[in-house]
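Let us walk through this model together, one region at a time. Please keep the sequence and the 3D view open as you read.

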Amino acid sequence: MSCPKVAMVTGANKGIGLAIVRALCRQFAGHVYLTARDEGRGMAAVQTLQNEGLDPHFHQLDITDLSSIRRIRDFMRDKYGGVDVLVNNAAIAFKVADTTPFGNQAEETLRTNFFATRDICRELLPIIKPSGRVVNIASIAGSMALRQCSQSLKEKFRSEDITEEELVELMENFVEDAKKGVHTQKGWPNWAYGVSKIGVIVLSRIQAKELSHKRGQSKILLNSCCPGWVKTDMAGPHATKTPDEGAITPVYLALLSEEDIEPHGQFVCEKKTQSW
């Protein structure tokens with residue numbers, strides 16, 4: 001007896017993540033897992049969707065905890081034989097008015113948004129099923145931050161040959177430079193969230209190439225995307241989109257048909273591939 005298809009969304013107890021789960025529950029032919037670091041908040045979010053007549057499942061996941069990532073990896077492998085749709089949505093951003101020293105902001109932001117996203121991909125990409133779809137939620141902030149980088153950094157981030165190891169080293173350099181207070185002198189923007197999303201976009205480009213090289217016959221598509229400026233705790237009340245509107249592009253990428261061969265390794269906004 002074949003396993004049902006399964007989708008999972010990280011950081012999904014509120015905001016865009018919750019809206020993505022809602023849309024997948026309505027449109028995806030399979031089980032949909034809402035994941036969250038805090039089990040109580042996650043179960044409350046599941047109840048909200050159940051009250052709307054939907055049927056999400058829940059699994060605890062803290063993307064900054066490798067043991068938590070490996071628990072959900074093993075669960076998905078044992079119960080479903082892998083994962084059909086993975087949406088990496090979990091992220092943080094410090095408010096503009098936050099007085100936390102910038103070096104600390106850089107370290108914490110990169111730890112969650114880049115390094116933890118990389119960890120979950122390293123553990124879960126090997127169990128993505130044929131014709132699976134992976135969506136890494138990035139932001140137009142990544143493109144904006146890239147434009148603020150030095151020419152040398154721009155060339156490195158735009159290189160078709162950059163490796164994951166080289167990207168990791170660049171992200172580590174940013175954190176160290178920020179902690180020393182010399183990041184702007186080294187060509188970095190004064191924007192930890194933006195730099196973290198440069199990392200996510202470039203990581204997605206690298207991962208897509210590796211999937212094509214190592215598992216080309218599996219027809220897996222992996223992309224990053226910007227959901228837009230969405231009314232969430234992160235973006236604030238003046239943003240122009242509702243969370244459900246912000247979910248449209250991520251869900252479009254998550255539900256690309258088995259016949260689709262692109263986009264792959266692209267950065268997508270409003271369902272359109274963006275130049276990098």
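The side chains of aspartate 98 and threonine 100 are joined by a polar contact of 2.5 Å. A polar contact here is a pair of N or O atoms within 3.5 Å; within protein, one must be able to donate a hydrogen and the other to accept it, and residues adjacent in sequence count only if both atoms are side-chain atoms. Aspartate 98 sits in the loop between strand 4 (83–88) and helix 4. Helices (H or I, at least four residues) and strands (E, at least two) are DSSP runs, numbered from the N terminus. With 31% relative accessibility, aspartate 98 counts as partly exposed; buried means under 20% relative accessible area, exposed over 50%, and partly exposed in between, for a 1.4 Å probe and protein chains only. Aspartate 98 is 52 residues from serine 150 in sequence and 26 Å from it in space, C-alpha to C-alpha.

Before going on, a word on the numbers: this is a predicted model, in which local features need pLDDT of at least 70 and side-chain atom pairs count only at pLDDT 80 or more, while totals for chains, interfaces and linings use all residues. Residues are numbered from 1 along each chain as its sequence is written, and side-chain values use heavy atoms, with hydrogens and water left out.

Now follow the chain into helix 4. The axes of helix 4 (residues 102–124) and helix 7 (residues 164–180) come within 8 Å and cross at roughly 160°. That angle makes helix 4 roughly antiparallel to helix 7. Axes are lines fitted to C-alpha atoms, for helices over the stretch in contact, and angles run from 0 to 180 degrees between N-to-C directions. Angles under 35 degrees count as roughly parallel, over 145 as roughly antiparallel, 65 to 115 as roughly perpendicular and the rest as oblique. Helix 4 passes helix 7 in a left-handed crossing; a crossing is left-handed if the near helix is turned anticlockwise from the far one by less than a right angle, and right-handed if clockwise. Among the residues that make the contact are Phe102, Leu110, Phe114 and Arg118 of helix 4, and Leu167, Met171, Phe174 and Val175 of helix 7. Contact means heavy atoms within 4.5 Å. By class, the residues of this contact are eleven nonpolar, one polar and six charged. Ala, Val, Leu, Ile, Met, Phe, Trp, Tyr, Cys and Pro count as nonpolar, Asp, Glu, Lys and Arg as charged, and the others, Gly among them, as polar.

How does helix 4 pack with helix 8, and at what angle? Their axes are 9 Å apart, at an angle of about 20°, so helix 4 and helix 8 are roughly parallel to each other. Their crossing is right-handed. The contact includes Phe102, Ala106, Leu110 and Phe114 of helix 4, with Tyr193, Val200 and Leu203 among the residues of helix 8. It has nine nonpolar, six polar and two charged residues.

Helix 5 (residues 140–147) is the next stop. At its start, a side-chain oxygen of serine 139 comes within 2.9 Å of the backbone nitrogen of alanine 141. Ala141, Gly142, Ser143, Ala145 and Leu146 of helix 5 are buried, and the helix's buried residues pack against helix 6 (151–158), helix 8 (192–214) and strand 7 (267–269). Take alanine 145: at 0% relative accessibility it counts as buried. Leaving aside neighbours within four places in sequence, alanine 145 is in contact with Pro189, Trp191, Gly194, Val195 and Ile198.

Further along, threonine 249 lies in helix 10 (residues 248–254). Is threonine 249 buried or exposed? It is buried, with a relative accessible area of 3%. A polar atom of its side chain lies 3.4 Å from the backbone nitrogen of glutamate 270. Beyond neighbours within four places in sequence, threonine 249 touches Cys225, Cys226, Val268, Cys269, Glu270 and Lys271.

Lysine 271 brings us to some backbone details. Lysine 271 lies in the loop between strand 7 and strand 8 (272–274), and its phi is near 65°, a positive value in a residue other than glycine. Serine 131, in strand 5 (residues 128–137), likewise has a positive phi of about 65°. Finally, a cis peptide bond joins glutamate 262 and proline 263, with omega about 0°; proline 263 lies in the loop between helix 10 and strand 7.
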